[in-house]
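This report describes the fold, the nonpolar cores and the aromatic pairs of one protein. Please consult the sequence and the structure shown below while reading.

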Amino acid sequence: MMLPPPARKTLRETGMRGGSVRFFKREQRLRLNLALQGGGAHGAFTWGVLDRLLEDEALDIAWVSATSAGAVNAAALAAGLAEGGRERAREKLREVWAGVVKAGVTDLMRMNPFLYSLVRSPAMSQMASLMSPYEFNPAGYDPLRRLLSEAIDFPLIRERAPLEMLIAATEVATGRTRLFRRHEMTVEAILASACLPTLHHAVGIDGIAYWDGGFSANPDLVTLARESPVADTLLVQLNPNFKAELPTGSREIAAHVNRLTFNAPLRRDVELIEAVRAEARRGDARRPWWRRKRPSELVRHRFHIIEAGRYTSGLSPDSKLKPDWGLFTYLHGAGRTETHKWLDRHRADIGKRDTADLAARFLDPRAEAAAAAASARLVEGSGDGRDAKGAAGPLALPSPAHGSRGA
């Protein structure tokens, strides 16, 4: 018997239980690319961001562009998803960061007690900065290689990881960026992306020597926006754009030079994206609406940002090189908190609009200064910035004996 239209609609779109009508709305899945900046030990903030994103069952990660510490996080994320989904990815990230503390520096110092004595003394530390890693570590020992080889199943990433990867490294000979894709993923690719030439030997791949990807792409935004079929990218930015204090001491100057050097590629990408957008706007203004071209991928792409600057700007420059569990858990919690806040504010914007004004954040000095001042006020007013919802809670890992904050 043919049902009347209202009843037919009710059976198709609603559920009947106990004589009542219940309406069901299918939850829309959201898709994001990730752009993960490098920053040494400060990459624990990115661990916290990923940890919170993975808790969100309605959010899928599509492509990941990453550099240095961001590349280590990306590899752990991809391996965990390939092994067993979201929960396994969260476990893998925790495993890798715990491994950095347990094996990262201890083995190198035990192997080279002279280096350990240099690092412990500020005066001797400056002397150590004049030494090449080919002098104080002639064997080229890198504890990160063993950690990644044991924790990350790279063949599995190449075969089954449910995301695409763009891992940046810098050719030593030319300064050009090399982007390693998921099907090329090896331990050497991650080590090349994270190879600081003052600490490690250059990483050779197919006869080409590579240094840290942060020299040329930190991370690559342009390739990601042009090639990914997903038009939303969340940038996790570790390094502050603006620091008002004039550095005068030798260590402060070196740290400031380092910050400027590793921020320059990201600023260059933003300048290119904004130039393309400005040209598109000028072209549209000159044409009637029916003759306007379809916007390019860079023009259409939507960008979002979660920043660590309010937490990392007050840390000592040396903290980037210290594998300290107290620092890691602090930054992990901060990353979770900021991500929780970002999702609360901007979930509805994913797939619809930008939530970050790239030009104002990276190209307008006055806006950068105002943002830095606002971040400082927020930190002063809220302690370490953690809240009950976003806080990570205690991690089920032993705290090493040297687990102080390190700041």
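## Model and confidence

What is the mean pLDDT of the protein, and what percentage of its residues reach 70 or more? The mean pLDDT, where pLDDT is the predictor's confidence in each residue from 0 to 100, is 80, and 73% of the residues reach 70 or more. The model is a predicted one, in which local features need pLDDT of at least 70 and side-chain atom pairs count only at pLDDT 80 or more, while totals for chains, interfaces and linings use all residues. Residues are numbered from 1 along each chain as its sequence is written, and side-chain values use heavy atoms, with hydrogens and water left out.

## Overall architecture

The secondary structure comes to 18 helices and 10 strands; these are DSSP runs numbered from the N terminus, with helices being H or I of at least four residues and strands being E of at least two. Of the contacts between residues at least 6 apart in sequence, 78% join residues at least 24 apart.

Of the 407 residues, 46% are buried. Buried means under 20% relative accessible area, exposed over 50% and partly exposed in between, with a 1.4 Å probe and protein chains only. The protein exposes about 20,300 Å², and carbon and sulfur atoms supply 55% of this area, as computed by the Shrake-Rupley method with a 1.4 Å probe.

In soluble globular proteins, nonpolar side chains tend to be buried together. A nonpolar core is here a set of buried Ala, Val, Leu, Ile, Met, Phe, Trp, Tyr and Cys residues joined through side-chain atoms within 4.5 Å. The largest one has 74 residues, and F45 and L77 have the most contacts inside it. Helix α3 (residues 69–84) contributes the largest share of this core, 10 residues. Beyond its neighbours within four places in sequence, L77 contacts L34, L50, L54, I61, V64, A89, L93 and L163. A second, separate core of 22 residues includes A35, L179, V270 and I273.

Helix α3 is largely enclosed by the rest of the structure, because 14 of its 16 residues are buried. From first C-alpha to last, α3 reaches 23 Å, close to the 22 Å expected at 1.5 Å a residue; the expected span is 1.5 Å times one less than the number of residues. G85 follows α3 and has a positive phi, near 85 degrees.

## Aromatic pairs

Rings of Phe, Tyr and Trp (its six-membered ring) pair if their centres lie within 6.5 Å; planes under 30 degrees apart count as stacked, over 60 as edge-to-face and the rest as tilted. The count by this rule is nine aromatic pairs. One of them is the edge-to-face pair of Y311 and Y330, at 6.3 Å centre to centre and 75 degrees between the planes. This pair links distant parts of the chain, since Y311 lies in helix α15 (residues 309–312) and Y330 in helix α16 (residues 325–346), 19 residues apart. Y311 is buried at 3% relative accessibility, and Y330 is buried at 8%.

The pair of W325 and F328 is edge-to-face because the ring centres are 6.4 Å apart and the planes are at 75 degrees. W325 and F328 are three residues apart in helix α16, which means a separation of about one helical turn. W325 is buried at 6% relative accessible area, and F328 is buried at 1% relative accessibility. Ring pairs link W325 and F328 with W47 and W97 into a cluster.

Technical notes. Contact = heavy atoms within 4.5 Å.
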